[in-house]
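Hello,

Here is the structure I said I would pass on. My notes follow it.

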Amino acid sequence: MIFDFDGVIVESTELKTEAFRALFADRAGRIEAIVDLHRRHAGVDRFTKFEMIYRDILHEPLTASIRQDLGVRFAQLVEDAVTNCPMVPGAGELLATLDRRMSMAVVSSTPQRELERVVARRGLGRFFAAVRGSPPAKSEAVRALLEERGWTAANVLMVGDAAADLAAARTNGVAFIGRLTPGDPYPFSPEVPTVRDLTPLAESARRLYATTQPQAATS
């Protein structure tokens, strides 16, 4: 299984929305447009969003120094909060049930080093064969993960909460389940299977593995 992180493993989606509000608080007349852009492009990395905000909303050049400063300030706003926020209901149970029974990975738009720190600080690293942040974009990250781990796409399920997650799964021939994040726009077409949280997946995993014992960690 491949999991997105924010909004799938941890309830951090609104934290990052509020970080965009704080980051652009001095642009009061544009803040709602900025937040709307952030929400509509869920699953896209923050630096790409900064470029879109400056180009399409602020109509100003985004210099390398401004881009770097925005990235540093955004990380300062969110890293501790994401480390300490609640998990999505059912996520902990699902990971514990699948541990040593199924190979799992994270593919997120969070910058790689920041993602690694958060996963480690939350004590979740033991569950995942790989933790992949940005860059690259999610479709490329999933492709590289399948290749590196030797996973057959037809045997992989991805769980995400954004259209970018669905696109990454479809591009790579991976099955997909969407998580509907409270308060965010509905990002999926009607045929996409969805869950409100991970409790149904945890219950299914418990039934599936009710009579088996965990094995040694797999690749």
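**Notes on the model**

Asn172 sits in the loop that links α8 (163-171) and β5 (175-179); helices (H or I, at least four residues) and strands (E, at least two) are DSSP runs, numbered from the N terminus. This is a predicted model, in which local features need pLDDT of at least 70, side-chain atom pairs count only at pLDDT 80 or more, and totals for chains, interfaces and linings use all residues. Residues are numbered from 1 along each chain as its sequence is written, and side-chain values use heavy atoms, with hydrogens and water left out.

Asn172 is buried, at a relative accessible area of 14% (buried is under 20%, exposed over 50%, partly exposed in between; 1.4 Å probe, protein chains only). Leaving out residues up to four places away in sequence, Asn172 touches Ser139, Val142, Arg143, Leu146 and Ala153 (contact means heavy atoms within 4.5 Å).

Helix α7 (residues 138-149) lies across β1, β2, β3 and β4 (157-160), at about 145° to β2 (axes are lines fitted to C-alpha atoms, for helices over the stretch in contact; angles run from 0 to 180 degrees between N-to-C directions).

The open sheet has six strands in the order β3-β2-β1-β4-β5-β6, with parallel pairing (two strands pair if DSSP finds at least two bridges between them). Its edge strands, β3 (130-134) and β6 (194-195), each pair on one side only. Strands β1 (residues 2-3) and β2 (residues 105-111) are joined by two bridges, and Phe3 has Val106 as its bridge partner in β2.

Helices α1 (residues 13-23) and α2 (residues 31-40) pack at about 145°, with axes 9 Å apart.

Regards
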